[in-house]
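Welcome! Have a look at the model below, then work through the exercises with their solutions.

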Amino acid sequence: MRKEDKAMRTEARMTTLCYIEKDGAYLMLHRVSKMHDVNKDKWIGVGGHFEHNESPEECLLREVREETGLTLTSWRFRGLITFMADGWDTEYMCLYTADKYEGEMISCNEGVLEWVKKEDVLGLNLWEGDKIFFRLMNEDRPFFSLKLSYHNDCLVEAALDGQRMELFDILDDHGERTGRVRERTMVHLDGDIHGTAHIWIVRKGPYGGFDLLLQKRSRCKDSYPGCYDISSAGHVQAGDGFLPTALRELKEELGIEASQEDLEFAGIHTGYMEEEFYGSMFKDSEYSHVYVYRRPVEAENLKLQEEEVESVMWMGLDECMEAVREAALPNCLYMDELELLKGYLEGHPQGGMQGHS
């Protein structure tokens with residue numbers, strides 16, 4: 001390694017973080033005591049830095065005893081958290097839960113200790129990434145490695161077991177970014193408003209009117225598996241825009257190489273759906289830019305993304321609206337979006353306003 005590379009390296013920190021459990025609650029530490037604290041005003045577990053030659057378990061037991069007065073007698077190593085933040089050396093946190101202990105709890109000079117019901121923990125002022133590992137612990141996931149990177153208090157990267165996780169900008173009712181960024185699963189757990197791009201592939205019907213290309217969602221999707229859906233649609237990733245998302249989704253899901261000029265902006269749709277899948281509630285609150293794509297498409301020649309799309313089919317717009325209205329087709333379509341689309345197509349039978357970001 002070159003000398004200048006060594007000079008640029010920072011020291012990595014090794015720490016433990018433990019959540020003690022009792023009667024359906026976690027022992028939480030509200031970090032309010034120190035002024036210059038990266039965790040100032042946050043709620044976290046108990047723990048701290050390794051001392052020289054300590055093992056993770058030795059550090060765990062010592063830190064818990066020093067901060068709470070308790071001696072752990074049963075614990076579980078749940079995961080390794082790689083924590084990165086502006087102006088902060090990379091930190092590797094050994095994450096534990098503990099369910100048995102001895103002794104009497106003392107006050108903590110790091111902040112205020114409080115037992116918090118597990119169902120109330122996510123409502124506290126937590127690091128956004130902490131909510132991810134609480135979900136993983138609540139799901140009793142086997143040992144995991146979670147990387148979390150922040151700019152100020154904003155989560156900018158998350159990776160689970162080496163796989164990048166999807167992050168979304170949280171929007172207000174007007175589609176403006178609030179400054180919050182959250183991981184996909186947490187967004188759908190709480191029903192936060194987020195951006196999506198909807199692309200309807202349209203052709204003139206053989207007897208007048210318009211046909212729509214519908215995709216049938218893969219059976220392995222985390223929501224609405226096997227249901228008929230918009231021709232192509234996708235979430236707007238944090239920092240991205242609606243139009244780039246639309247172009248990306250067309251290519252990834254259907255193999256269509258489109259340009260900005262190929263898409264017509266039909267309007268904005270807001271929608272909310274809520275349903276249980278695989279034992280968990282899925283809340284979908286979308287702020288969507290709706291696009292129309294009219295270039296010729298041969299359904300049999302499309303390159304379908306197997307993990308997303310099972311098949312596609314053409315259906316008349318009026319027939320589709322009737323099927324949705326009568327619940328005659330397994331689908332996750334919004335009737336008011338179909339009405340928006342119909343109004344746009346009838347007002348722009350030959351094409352209209354092109355790409356809107």
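**Exercise 1: the largest pocket**

Task: find which element gives the most to the lining of the largest pocket.

Solution. Step 1: β17 gives the most, with five residues; strands are DSSP runs of E of at least two residues, helices runs of H or I of at least four, numbered from the N terminus. Step 2: a pocket is an open set of points on a 1 Å grid over the protein atoms alone, where a 1.4 Å probe fits, with protein on both sides within 12 Å along at least five of seven lines; lining residues have an atom within 4 Å of a point. Step 3: the lining counts 49 residues, with R184, H188, D222, H235 and F282 nearest the centre.

This is a predicted model, where local features need pLDDT of at least 70, side-chain atom pairs count only at pLDDT 80 or more, and totals for chains, interfaces and linings use all residues. Residues are numbered from 1 along each chain as its sequence is written, and side-chain values use heavy atoms, leaving out hydrogens and water.

**Exercise 2: the largest nonpolar core**

Solution. Step 1: a nonpolar core joins buried (under 20% relative accessible area, 1.4 Å probe, protein chains only) Ala, Val, Leu, Ile, Met, Phe, Trp, Tyr and Cys residues through side-chain atoms within 4.5 Å. Step 2: this core has 32 residues, and F134 and I132 are among those touching the most other members. Step 4: beyond its neighbours within four places in sequence, F134 is in contact (heavy atoms within 4.5 Å) with residues including Y19, M28 and L126. Step 5: apart from this core lies another, of 23 residues, among them V202 and M315.

Methods. Buried < 20%, exposed > 50% of the residue type's maximum accessible area, 1.4 Å probe, protein only.
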